[in-house]
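Please keep the sequence and the structure in view while reading.

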Amino acid sequence: MYYNKVEICGVDTSRLPILKESEKMELLERYRQGDKSARDRLISGNLRLVLSVIQKYMGRGENPDDLFQVGCIGLMKAIDNFNTELNVKFSTYAVPMISGELRRYLRDFSPIRVSRSTRDLAYRAMQTKERLTAEYDREPTVDEIAKAMDIKKSEVVLALESVTDPVSLYDPVYSDSGDTLYVLDQLGDSSSDEAWLDELSIKEAISGLKGREKDILYKRFYCGKTQIEVAEEIGISQAQVSRLEKNIIEKIKGNI
């Protein structure tokens, strides 16, 4: 099976066959038995998979040839590490591996610098995510990644967010009837005197709350926990949390 010509890194993809899943499994078994030519066939037969993955990383000023080469490294890692005994399609395992390699490449050459320890933690978190994806046959939750790494959930979130690609203020988020809404349009002007006074008033109103009231406010709106989760943590009913939350908000409004 062949496709229209797409040339990248000097490779004419119109000449590349697409392997069936049964063919991939057969070649993977042969490679496990020492047939090096089977690995070469697996690489050439999955280059279009690499092309499909790098599409979402295009348009960031990166050279497509560089992205393709990095994606091929991820493909080769997937071939070398794939377990044929698992009931998982090769592409299901390979796509996260290719994406992970591309993210690492973009992270290392990102214009925004983060500490070495944070980058290393993010790298381990992405490796763990890739391993769990293959193990669970689905994308793992942050809690599952944190448990597997024996670290706090907040550390995983901070590490992964530190290597997330920055968003441009001029990236479109909505377009209708020719009127495009950009990220910039959703940002308020926090430099105005009114915004500064509002922030000061809210902080002063919160400082006047009691200990448990601050705790509920923190857990609900800073940690993002549900009323049920908060109730279980502080030992009261969900109905009480709901009532207290309403009273807290009214008290803040009154103080402001």
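## A side-chain contact at R39

The side chains of R39 and Y31 are joined by a polar contact of 3.4 Å, in what is a predicted model rather than an experimental one. R39 has its place in helix 2, and once its neighbours within four places in sequence are set aside, the residues in contact with R39 are Y31, M76, I79 and D80.

## Helix 1 against helix 2

As for the geometry, helix 1 spans residues 21–32 and helix 2 spans residues 36–44, and their axes come within 7 Å of each other, crossing at roughly 145 degrees. The crossing in which helix 1 passes helix 2 is left-handed.

## The largest pocket

Turning to the pockets, the largest one has a volume of about 210 Å³. It is lined by 15 residues, of which N81, Y93, M97, E130 and R131 are the closest to its centre.

Which helix provides the largest share of the lining of the largest pocket? That share, six residues, comes from helix 6. Sorted by class, the lining of the largest pocket holds seven nonpolar residues, three polar residues and five charged residues.

## The second largest pocket

The second largest pocket has a volume of about 170 Å³, and the residues that line the second largest pocket are K153, S154, Y218, Y222 and C223. Helix 8 (153–162) and helix 10 (211–222) are the elements that give two or more residues to the lining of this second largest pocket.

How do the residues of this second lining divide by class, and how many of them are charged? Three are nonpolar, one is polar and one is charged.

Key
Residues numbered from 1 in each chain as written. Predicted model: local features only at pLDDT ≥ 70, side-chain atom pairs only at ≥ 80, totals over all residues. Heavy atoms only, no water. 1 Å grid on protein atoms, 1.4 Å probe; cavity = no way out; pocket = protein on both sides within 12 Å on 5 of 7 lines; lining within 4 Å. Points joined across faces, edges and corners; volume = space filled by probe spheres on them. Helix = DSSP H or I, 4+ residues; strand = E, 2+ residues; numbered from the N terminus. Nonpolar A, V, L, I, M, F, W, Y, C, P; charged D, E, K, R; others polar. Axes fitted to C-alpha atoms, helices over the stretch in contact; angles between N-to-C directions. Left-handed = near helix turned anticlockwise from the far one by under 90°. Polar contact = N/O pair within 3.5 Å; in protein donor to acceptor, adjacent residues only side chain to side chain. Contact = heavy atoms within 4.5 Å.
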